[in-house]
Amino acid sequence: MPPMSALLNDDVLNELEAEAIWALRECAGAFSRPVLLYSIGKDSTALLHLARKAFAPGPLPFTVLHVDTTWKFGDMIAFRDRLSREWDVPIRVHTNPAGASDNITPFTRTSDDYTRVMKTEALRTALTDGGFDVAIGGARRDEERSRAKERMFSLREAGHQWNPKAQRPEFWTSPNLALQPGQTMRAFPLSNWTELDVWRYIRREGLEVVPLYFAAPRPTVMRGDKIIVVDDDRFELAPDDVVSTRTVRFRTLGCYPLSAAEESSATSVDDIIAELEASRTSERAGRLIDGRGSSSMEAKKKEGYF
Amino acid sequence: MTSSPSQSHPLVRVVFCGAVDDGKSTLLGHLLYGTDTATLDEISFVSSSDAIDGKLDYSLFVDGLESEREQGITIDVAHRTLTLESGQRLQLLDSPGHAQYTRNMAVAAASADIAVLVIDATRGIRDQSLRHALIAQLMGVRHIVVALNKLDAVDDVARAVTSVTAEFTERLTAMTHRNVAEDASATVTVVALSGRTGANVIDVEPSFPAGEWPTLYAALEGLSADVRASRSESDGNAPFRMSVQFVNRLERTRRYLGRLSGRAPEVGTHVTVFPSGESAHIVDVGWASNRSVGSPVSIELDREIDISRGDVIVEAAAYASLPVFQGFLADVVCLSPDGITLGQTYSLMSGPLELPCHIDVTRYTVDPETGEQVVGQPLGVNDIARVEVSTSRPIALTTFSESRETGGFIIVNRATGETVGVGMNRAGITRKSDVTRHAFTLNRQTRERATGIRGCVLWVTGLPGCGKSTLANALEVELFHQGVHTVILDGDTIRQTLSEDLGFSPEDRSENVRRVSRVAQLLLDTGCVVIVTLVSPYRDDRALARGLFADGDFIEVFVDTPVEVCAERDPKGLYARATQDPTMNLTGVTSPYETPESPELHIDGTAPVPESLARLMAVVTNRRAN
């Protein structure tokens, strides 16, 4: 018999799974145009899997959308396209045309500027143009202090703005999903999952994830104390940059010049779970865009960032 | 079947509550820090922030919003996960103490199993402490841990604890006795500690009297084991019941999705649907992982029945004992700064169910200082009251003590979308199920299949003279040529017949709308297209009419014509008469018309008739019978 803690973990996963599927079904039942935002990362891959379970044996009753900044790791795009084929889930891709026309890249702009244009604005436009009334994302409360404060169903005023001081109360399985003109909803079915829950669920359900989550020798440069992987020849090296091979993995995946890797020897899901069980740092420590000011995530969310 | 020997629902939820500045966030922060739950980057963030007397400000671990850190108070609930050494997983909910944010405290208490009520031992008990204790108990929290805090600032700890505990117990008992139903499993545990120094939070404080009080950690460990044990007893012995969240229309069949309540259904289980009363057998059941209460389930039936979101599917044998009521006695916490207005139409939402409701009567509000029941008070923000609620049609709500999920509801302002109250159903009071309808052989679905078109109610509203009747007439002629059955309920005809006893006061207009909507409901059962042409100037009345129908069956058509144009057309000479007689009650001139906010169809009353007709036709003919 497995140890007690393993049984407990499995029960926790069942309860979290039930909650997430409930939320996904609410999105389908109470809204007219739901969209699931797929970011290719482990959380949104788990979320997409949950959505398939929620509506099996039928197809997903909503659009799946990837907001592509064009600066994702090559492995991520390959993974996205393969998953879309194998799971038979069409994934719509949206990119802010301003990126190409105004040459907005992580190298030409500050990370705040770049994130605002290529992520926040791109997302807002995609949501408005698609006429989506609920956008479903894989954000978790344990990721970050302002996320810990957010509701599972989180109202956005016209212009996709979040007002953290006036969130709707949320009770039991009776959320208030009524929308006034201009308002939209964000739904976070994984709100109560931790990073470890997501990995344990990936192991239990036998899900594949982007290979970048596993440790491998990769070409890297240092930026301060952060390890940055040189993913393709668009990477602009500074004159004193030394590209060296390090065995690293990612805890979180974003745009490649803005995601820091960690030295690790975890080459399997089991290894990752063991590594996280011993870890005392949080996952978003590797996100360069979060580090700017203690309320950076909250400020971005108020503007409409996921 | 799952053969796992473990129990379901392993998560235990703990709300930290109490009055503002009594140290909830600091205590919770210390618990996270002391159990190594806080991450290193959080610790470095907290250490780099302004420290108090060179010590960590533990509240910063949970006060995650900018405005919270600026004001030094908690505004909204923080959700944190804590895993105890036993492997037990706790979700810790930090809630605001400030009266202005009581609604957020209620959110945290609603799902909690244990409430840690933090009281500043140097200040004593405040109204807000008792208000939180009462809210927690009314919302079904069985275990209260009274955490007497800031004992590092007290000389004689034992004396302080004894005196505060005595006063609290006396006041809580008085309040509970009057306002909360008896519950033998309810417990109150006292812990004495300091969130600032960490004394008795995780480790026993050696300077406190030995063995007197458990640490907070030990208290949570003990209680969470009790919570788990009591849950496993109650799970899954009741008949199968599921509220339909979503109907998945697949190529050849329909699947009904929801959350399991009661026993797991199986292929062959005979079920009945509320409110239609139709029965069928289950031919397929889908599960996500396990089959305990709350698990996602999807079912397919052996015959097609009209089932919508919010309907309830139960084991056929249990249908007769389904608690069906149209009026309820409930405890309500008022969450809106504007209060709750008696008699106003609100939406009641409970799970996937949504329908119009009223609060008819306030039996009493509770004075949080004394627990006394005060009669005759309006329902103001943060008030806790016992009320009578009525809904536009009978619904199957359980009592809150049977299930929080199916016995709890929220009250929403229909115009603003604001959640104005949260309610706990205590008992049904008006039963409309005493009259059982005869099951006639021919039903709506059979008749609709004969014409190929799904019937509906087109509720055509607008000012007198806006063109309602003209459009209705044109539509009926067109549908007649296509073999679709129609009937027109025209305001003027109704006024001369069914409603000949009514005048034009707001009350009489409402009653007129009620009668017409009930007749429309009867006619819809014939599977025809019911065209109602009625000024119906009040939003609430139209909302009540809408509430009688299933989703999609009620189609509000707003014929939008400027009042000047109507007055110029004046087919019945009403506007001309109104200018002669200022006492005449004419909508748009001397009495108000409340414009529909989101009608299904918004028609420009000055557009050519063929254009508007085409839009109406499209709506009707797109509805194929199934």
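Which strand of chain B pairs with strand 8 of chain B, and over how many bridges? Strand 8 (residues 254–259) of chain B pairs in the antiparallel sense with strand 11 (residues 296–301) of chain B, over 4 bridges. The model is predicted, so that local features need pLDDT of at least 70 and side-chain atom pairs count only at pLDDT 80 or more, while totals for chains, interfaces and linings use all residues. Residues are numbered from 1 along each chain as its sequence is written, and chains are lettered from A and ligands numbered from 1 in the order in which they are written.

**View 1. A closed barrel of 6 strands in chain B.** The strands run in the order 7-8-11-10-9-12 with antiparallel pairing, where two strands pair if DSSP finds at least two bridges between them, and where strands (E, at least two residues) and helices (H or I, at least four) are DSSP runs numbered from the N terminus. Neighbouring strands of this sheet are turned by 45° against each other on average, direction ignored. Within the pairing of strand 8 and strand 11 of chain B, B:Gly258 has B:Val297 as its bridge partner.

**View 2. A closed barrel of 4 strands in chain A.** Here the order is 7-8-10-9, again with antiparallel pairing, and the twist averages 70° from one strand to the next. Strand 9 (residues 244–249) of chain A is joined by 2 bridges to strand 10 (residues 260–263) of chain A, and A:Val248 of chain A stands opposite A:Glu263 in strand 10.

**View 3. Strand 20 of chain B, covered on both faces.** Of the 6 residues of this strand (residues 456–461), 6 are buried, a residue being buried if 20 or more other C-beta atoms, placed from the backbone, lie within 10 Å of its own, exposed if 12 or fewer do, and partly exposed in between. B:Cys456, B:Leu458 and B:Val460 lie on one side, and B:Val457, B:Trp459 and B:Thr461 on the other. In a regular strand the side chains alternate between the two faces of the sheet. Strand 20 of chain B runs parallel to strand 22 (residues 529–533) of chain B, with 5 bridges joining them, and pairs in the parallel sense with strand 23 (residues 554–560) of chain B, also over 5 bridges. B:Leu458 stands opposite B:Ile531 in strand 22 of chain B and opposite B:Ile555 in strand 23 of chain B.

View 4. B:Val118 is buried because 28 other C-beta atoms lie within 10 Å. Among the residues that B:Val118 touches, not counting those up to four places away in sequence, are B:Phe16, B:Leu27 and B:Ala147, contact here being C-beta atoms, placed from the backbone, that lie within 7 Å. B:Val20 is 98 residues from B:Val118 in sequence, and the two are 9.6 Å apart in space, C-alpha to C-alpha.

**View 5. The packing of helix 5 and helix 6 of chain B.** Helix 5 (residues 127–138) and helix 6 (residues 157–179) of chain B pack at an angle of about 40°, with their axes 11 Å apart. The two helices are therefore oblique to each other, a class that holds what is left when angles under 35 degrees count as roughly parallel, over 145 as roughly antiparallel and 65 to 115 as roughly perpendicular. Axes are lines fitted to C-alpha atoms, for helices over the stretch in contact, and angles run from 0 to 180 degrees between N-to-C directions.

Technical notes. Contact = placed C-beta atoms within 7 Å.
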